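Walk through this structure one site at a time. Keep the sequence and the 3D view open together.

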Amino acid sequence: MKLEDIKKIAVVGAGDMGHGIAEVALLAGYKVALRDVEQRFVDKGLQRIGESLARLARKKRVSEEDRREMMGKIETFIDLGEAVKDADFVIEAVPEVMDIKKRVFLELDKLAPNDALLASNSSNMSITEIASVTSRPEKVVGMHFFNPAVVMKLVEVIKGDETSEETMQLTLDLATRMNKLPVRVEKDSVGFIYNRIGAPGLILLGAIVDRGIATPEEIDARLKHMGMPMGPYELMDYVGLDIVYHSSLYVAERLSAEYGPPEWLQEKIEAGDLGKKTGKGIYDWSRGRPAIDLSRAKEDFDPTDLIAIQVNEATKLLEEGVTKNPDDIDKVMIHGGRAAFGPFQLARGIGYDKLARRCEELAREYGVEAFRPTETLKKGNI
Ligand code: CAA
């Protein structure tokens, strides 16, 4: 299949990510089938697409005529077979639970045309394992968008063990055609690039709060003060605490127990406080985005610590061959999180020696092996 052969894209799952991906496909001129398991979910997804396109039309990013045309190019479905029967490219955006993903791919393999490519928007799960339930693993690929999909430029394109080069290239081309910035992830490894680099951050941030060094608001205020669009806690609420929770369980199973969800996160999940989507999480979202008081920025929390462990984790990706290109890692962190600089750009400014020493201290202070500096970090020169 060639890029020009893709006319219709089916998006399976109409939630935060699914509706956003469907909108991105509409903006790129594709016909879209949006599917979810209940009418109210597809209705909500369609409503959110309508609101977002109206916002873009108000800002004159799309014309009124194009907005109307796009709304006419999307159909919604409950029946999976109807949604995907004539799709050329299918993007799955269902909950981050491996059994659910496998069930969906088993069905997709039966119901989608034989030559259709099947992509998963998973943010950290094995594409190889998802593909293993299909009869076409060479046509299964990771296509990880970032939230909100319509705003964030990055798409990680992940090669499963059996994904063909043709599938990779077509997915990279499709992402570019969707006005995104795709980055190749060469090895199907837990968390890919963005979420793997973020994983030790959750350990450190959790420990800082548990030890009473700073509160989530004091940490967010400090980082927002430095120019981040959202602090890490606000971002977790925005993405959904259930997603962060399942993701850290998955990483813990695959890498080490240290990456498991902190206690406060388990408590939030048990209480049903999942962040923006339920109106309450770490913050109160019932009246919209929380107003974080920047004057509460706490000096006791040193953002360099977060940078040190993230650069260290990034060096593990180079050692493991997840990508060979440090510039791609910088690109992922800049465009996936709207950061001003990537980890290696920061490391060159701060100095690899200093970061490696700090990682050694943090590993000792917190008793966390995941913070231990790699040989690559100690050598520096990246
Ligand atoms: N539709 C259309 N436009 C939208 C939009 C939407 N749904 N949401 C935001 N925008 C546009 C706004 O119109 C605005 O555009 P202009 O700059 O042209 O005015 C721009 O995006 C920024 O929005 P605002 O400044 O009005 O602030 P906001 O509260 O609406 O935006 C935000 C919020 C865009 C999310 C911003 O806070 C941000 O970038 N946060 C960081 C997001 C991030 O890091 N995402 C990655 C999450 S991790 C992930 O997704 C991976 C994973 O695996 C879990």
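Ala 214 is buried, with a relative accessible area of 3%. Buried means under 20% relative accessible area, exposed over 50% and partly exposed in between, with a 1.4 Å probe and protein chains only. Ala 214 sits in the loop between α8 and α9. Helices (H or I, at least four residues) and strands (E, at least two) are DSSP runs, numbered from the N terminus. The model is predicted: local features need pLDDT of at least 70, side-chain atom pairs count only at pLDDT 80 or more, and totals for chains, interfaces and linings use all residues. Residues are numbered from 1 along each chain as its sequence is written, and side-chain values use heavy atoms, with hydrogens and water left out.

What does Ala 214 contact, leaving aside its neighbours within four places in sequence? The partners are Ile 208, Val 209, Ile 219, Lys 298 and Phe 301. Contact means heavy atoms within 4.5 Å. Ala 297 is 83 residues from Ala 214 along the chain, yet their C-alpha atoms are separated by 9.2 Å.

Now move to helix α9 (residues 216–225), where Arg 222 lies. Arg 222 is buried as well, at a relative accessible area of 17%. Its side chain reaches two backbone oxygens: that of Phe 301 at 2.6 Å and that of Lys 298 at 3.4 Å. Beyond four places in sequence, Arg 222 contacts Ala 297, Lys 298, Glu 299, Phe 301, Asp 302 and Pro 303.

Next comes the ligand. Of the 24 residues around the ligand, Ser 52, Lys 59, Arg 61, Asn 147 and Arg 338 come nearest; a residue counts if one of its heavy atoms lies within 4 Å. The Lys 59 side chain places an N or O atom 2.5 Å from a ligand oxygen. A polar backbone atom of Asn 147 is 2.8 Å from a ligand nitrogen. For the side chain of His 144, an N or O atom is 2.9 Å from a ligand oxygen. The protein covers 75% of the 1,000 Å² of accessible area that the ligand has on its own. That area comes from the Shrake-Rupley method with a 1.4 Å probe. Elements giving two or more residues to the shell are α2 (39–58), α8, α10 (232–239) and α14 (326–337).

His 144 belongs to strand β6 (residues 140–145). With 5% relative accessibility, His 144 counts as buried. Its contacts beyond four places in sequence include Ser 120, Leu 154, Glu 156, Phe 192 and Asn 195.

In soluble globular proteins, nonpolar side chains tend to be buried together. The largest nonpolar core has 86 residues, and Val 84, Val 90, Leu 108, Ile 193 and Phe 371 touch the most other members. Such a core is a set of buried Ala, Val, Leu, Ile, Met, Phe, Trp, Tyr and Cys residues joined through side-chain atoms within 4.5 Å. Helix α8 (residues 194–210) gives the most to this core, with 9 residues. Apart from this core lies another, of 39 residues, among them Ile 6, Ile 9, Ile 74 and Met 178.

Terms used:
Polar contact = N/O pair within 3.5 Å; in protein donor to acceptor, adjacent residues only side chain to side chain.
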